[in-house]
Structure formats: structure tokens, C-alpha cells
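Take a look at the structure first, and then we can walk through a few of its features.

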Amino acid sequence: MRIAQLSPLWERVPPFRYGGIELIVKLLTDELVRRGHEVTLFASGDSITTAKLHSVHDKALRLDSSIQEPDIYHQIILSELYQEAHANFDIIHSHIGYAALPYSSFVKTPTVHTLHGAFTSESALIHRRFAEQPLISISKAQQEPCLDLNYVHTVYNGIDTAVYSFYSEPTQPSYLAFVGRISPQKGAVEAIQIARAAGLPLKMAGKVDVVDVDYYREKVEPLIDGEQIQYLGEISHEDKVRLLGEATVTLFPITWREPFGLVMIESMATGTPVIAMNNGSVPEVIAHRKTGFVCESLEEMIEMVPKATKLERQTCREYVVSRFSLESMTDEYEKAYSMVLNSTQSL
């Protein structure tokens, strides 16, 4: 199968440090190549892939301070992709959200769109305009609110479990972990409140986006004392695995309808259970009372901290290997491609 993978240009593939979409694109693209597909990756020029790479800028846009209008580069790469779509590809797989919808509706080569984010009132407008386009959700919860869109499949994100070391025991002294963007949606302040109430240290890692600088400076930074509450900034994959694996529990106190939450499966892959707020995909990702706890309030999350320390870490690891592996994710995407191609050919 000749497949085009279209990634956001803001981060490279794979991301240098933080970037869930780009990590998924990397894993999926290389596994499709390994399975014998002819894959072209449309991404930033510094991306690392076993596929053929097509780029319009030599590095991730986030790393180039001279870029003033990043959307222009997405328009350029979209136009180049769809100009060669009929001659070179059987199917296009877009990971960039609604920007590809108008292009995909004007060519015969089908595009399948994985939705990696949540709907806004504005994005819902354009999705309704192109409601016939085939979509893939990354959780059942993501399909709410129901917009009568053409969902062809749900494919859970997967990880390469081989690069997540298993930690049979947390390090001592015990600490809690928080990994993610330092933003209101991810619940950074709430994580600090839980740690303080539980009387345990908290180690936090993640980037601060430009839109969240004020939140960090005004709400989060004053609570960081460098002792009980530590902020490590953006960290490498290796450091992230160690941070999660050596923790006694990972906190996921999100305040929005998270479409998936990759950190949850990354943590469980290392053996560390997760305590999370019941929003979005959380109950689909965590096996309640087996690999973590799905909670309705901060008070309940605090109450579950000592209980989570008693969960079997091997169970957490086995759960991810069986349900959220790279291989299972790729299997489901291949099914989705076949479904879309078969439906197109039958028209």
C-alpha cells in the first residue's frame, strides 16, 4: 500500500522532547515501513524516519524563531501533498486536524483523518462542512459531542513498550510524578495540591507553551519550592521513563475532556499506577482498581494515593503490552485503511 503520513510541522518526528502526536506518527510510520508498505512522511526537515521524507522547511517550526506565520508552511505542504496524491498514493493519513479537510474533499485519493485533539465550537463548524470525510477517533469519548460525523474506526494510541523499562519497585524515598504541559487543562496546580495533601514530594516535567506562560508564572511557579515540589522542565525520553518508573504513583488530574492521554500508558508501561480525574478517555485507558484509579474529585484522588501504592506494578505493565502496544495500534490502522479503501472502491 502506498501511504502518505501527514504530520504537524510544529515539532519534528519524533519530537525532540515533548509532542504526543509526533511520537505516534513516528511509531506508526516506521512500523508501516517495516511491514512492507511504501510510506512517505510529510513533516519537518529534521524528522528522523525510515520512510521517504518530504519537507518544506529544514527544521521544526517551534525551533525557528524567524517563523512569523507557521500556518503558511502547513498550507505549502498540504498543496504539495495533494498535487501528487492521485499519482503517488493509495491513501493519505492526516494527523494535522481540520486543515486538511478542504484539500481532501477535492481529490479522488481518500484521506483518513485521525483526530488528536478535542472539538472547539469553531472546529466543529468545519467538520460539519466536510462531514463525509472519514475520521478516526483515538477514544470513544472523543466522539462526544456527537456531530453526526463519519467515524470509521477508533484506534487507541500505542507505544513501543520495548523502550519503556519496567520498574518492579518505586525508588525510596517515595514521590509522585506529573508529566505533561504545564497548563490549566493538564491540572498542574491540582497535582501540587494533591501532593501537599498526601504529604509526598512531587516531581513535575513538561513544557510551558507561550499561551501558558502567565499561568505558569502566576499560579504554578509560586508553589515550586525545589524540595517537596520540584519542576524539572522539559526532559528527554530516557529521563521521562526514569521519572515515571521510579515514582510511586503518577498523577493525571486533568480538567478537560482529554481525548487520550499518552502519559497514562507511558506510566503504566513502567509499572507505575495512575490516579486520574474522570474526564474524557480516562476510564477507557485506566483499568480501575487494577492499574490505577479513576476519580471524581481532588479529594478522592488524595484518598487513593496510599491505595494506589498497593497495586501490582507487573499488572500495569502487562495491561499496556496487551492493549496499547505499537503493534496493536498499527493493526487497527491497517484495518481502517482497508475499510476506507473498500468503501471508496464500492462507490
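Helix α6 passes α11 in a right-handed crossing; right-handed means that the near helix is turned clockwise from the far one by less than a right angle, and left-handed means anticlockwise. The model is predicted, so to speak of local features a pLDDT of at least 70 is needed, side-chain atom pairs count only at pLDDT 80 or more, and totals for chains, interfaces and linings use all residues. Residues are numbered from 1 along each chain as its sequence is written, and side-chain values use heavy atoms, with hydrogens and water left out. Helices (H or I, at least four residues) and strands (E, at least two) are DSSP runs, numbered from the N terminus.

**The helix pair**
- Helix α6 (residues 188–198) and helix α11 (residues 298–308) pack at about 45°, and their axes are 9 Å apart; axes are lines fitted to C-alpha atoms, for helices over the stretch in contact, and angles run from 0 to 180 degrees between N-to-C directions.
- The two helices, α6 and α11, are therefore oblique to each other (under 35 degrees is roughly parallel, over 145 roughly antiparallel, 65 to 115 roughly perpendicular, and the rest oblique).
- On the α6 side the contact (heavy atoms within 4.5 Å) involves Glu 190, Gln 193, Ile 194, Ala 197 and Ala 198, and on the α11 side Leu 298, Met 301, Ile 302 and Val 305.

**The open sheet**
- Six strands in the order β10-β9-β8-β11-β12-β13 form an open sheet with parallel pairing; two strands pair if DSSP finds at least two bridges between them.
- β10 (229–231) and β13 (292–295) are at the edges with a single partner strand each, so one side of each has no neighbour in the sheet.
- Strand β12 (residues 274–277) pairs with β13 over four bridges in the parallel sense, and Ile 275 has Phe 293 of β13 as its bridge partner.
- Helix α8 (residues 237–246) packs on the sheet and touches β8 (176–179), β9 (202–205) and β11 (249–252), its direction making about 145° with that of β8.

- His 113 lies in strand β5 (residues 111–115) and is buried at 2% relative accessible area (buried is under 20%, exposed over 50%, partly exposed in between, with a 1.4 Å probe and protein chains only).
- Tyr 333 belongs to helix α13 (residues 326–345) and is buried too, at 1% relative accessibility.
- The C-alpha atoms of Tyr 333 and Leu 28 are 8.6 Å apart, although 305 residues separate the two along the chain.
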